Amino acid sequence: MKCENYITFECLSRSANEAFARGAVACFAAQLDPTLEELGDIKTAVSEAVTNAIVHAYPDTLGRIQVRCRILEGDVLEIVVRDWGRGIADVEQARAPLYTTGGPERSGMGFTIMESFMDRLTVRSSQGKGTRVAMSRRIRRRRADR
């Protein structure tokens, strides 16, 4: 699909940066004129992806998190969250509801939430090399002038 616009940014795996990532993606997505519900879903999915990188990729150290957003033809918003942390040993198991390696305070619902709020979710990971979470969602047209 043809890319019509994009942004890319990188941040440290500090919990304070999760809110920044969520807000930056929401501001970028606003050009598609999403409903408040669509915007809320997108923000929640980004929060889950970035929080996963903060908590699981770099549990004992700070590392890099990269967020790339693209608007593709057909009003599709694509979001990729990437880290270079410890990686996921078994992606299929990690995507199972309630599975977590983050301790009892974690719900294990991150990937399930991302999948439920987005049209597509793919997760690629290599141990010791990091994880790439790609999500996309088509934003329904609400205005005739778009």
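**Exercise 1. Find how H2 and H4 pack: what are their angle and axis separation?**

Step 1. H2 and helix H4 (residues 110-117) pack at about 150°, and their axes lie 9 Å apart. Axes are lines fitted to C-alpha atoms, for helices over the stretch in contact, and angles run from 0 to 180 degrees between N-to-C directions. Helices (H or I, at least four residues) and strands (E, at least two) are DSSP runs, numbered from the N terminus.

Step 2. Classify the angle. Under 35 degrees counts as roughly parallel, over 145 as roughly antiparallel, 65 to 115 as roughly perpendicular and the rest as oblique. H2 and H4 are therefore roughly antiparallel.

Step 3. List the meeting residues. Asp-41, Thr-44, Ala-45, Glu-48, Ala-49 and Asn-52 of H2 meet Gly-110, Phe-111, Ile-113, Met-114 and Phe-117 of H4. Contact means heavy atoms within 4.5 Å.

The model is predicted: local features need pLDDT of at least 70, side-chain atom pairs count only at pLDDT 80 or more, and totals for chains, interfaces and linings use all residues. Residues are numbered from 1 along each chain as its sequence is written, and side-chain values use heavy atoms, with hydrogens and water left out.

**Exercise 2. Give the strand order of the open sheet and identify its edges.**

Step 1. The five strands run S1-S2-S3-S5-S4, with antiparallel pairing. Two strands pair if DSSP finds at least two bridges between them.

Step 2. Strands S1 (3-12) and S4 (120-126) are at the edges; each has a single partner strand, so one side of each lacks a neighbour in the sheet.

Step 3. Check one pair. Strand S2 (residues 64-72) and strand S3 (residues 76-83) run antiparallel and are joined by eight bridges. Cys-69 has Ile-79 in S3 as its bridge partner.

**Exercise 3. Which residues of the largest nonpolar core touch the most other members?**

Step 1. Define the core. It is a set of buried Ala, Val, Leu, Ile, Met, Phe, Trp, Tyr and Cys residues joined through side-chain atoms within 4.5 Å. Buried means under 20% relative accessible area, exposed over 50%, partly exposed in between (1.4 Å probe, protein chains only).

Step 2. The core has 37 residues; Ile-65, Val-67, Ile-79 and Met-135 touch the most other members. Helix H2 (residues 36-57) gives the most to this core, nine residues.

Step 3. Inspect Met-135. Leaving aside neighbours within four places in sequence, its contacts include Ala-45, Ala-49, Ile-79 and Met-114.

**Exercise 4. Is Ser-136 buried or exposed?**

Step 1. Locate Ser-136: strand S5 (residues 130-138).

Step 2. Its relative accessible area is 9%, so Ser-136 is buried.
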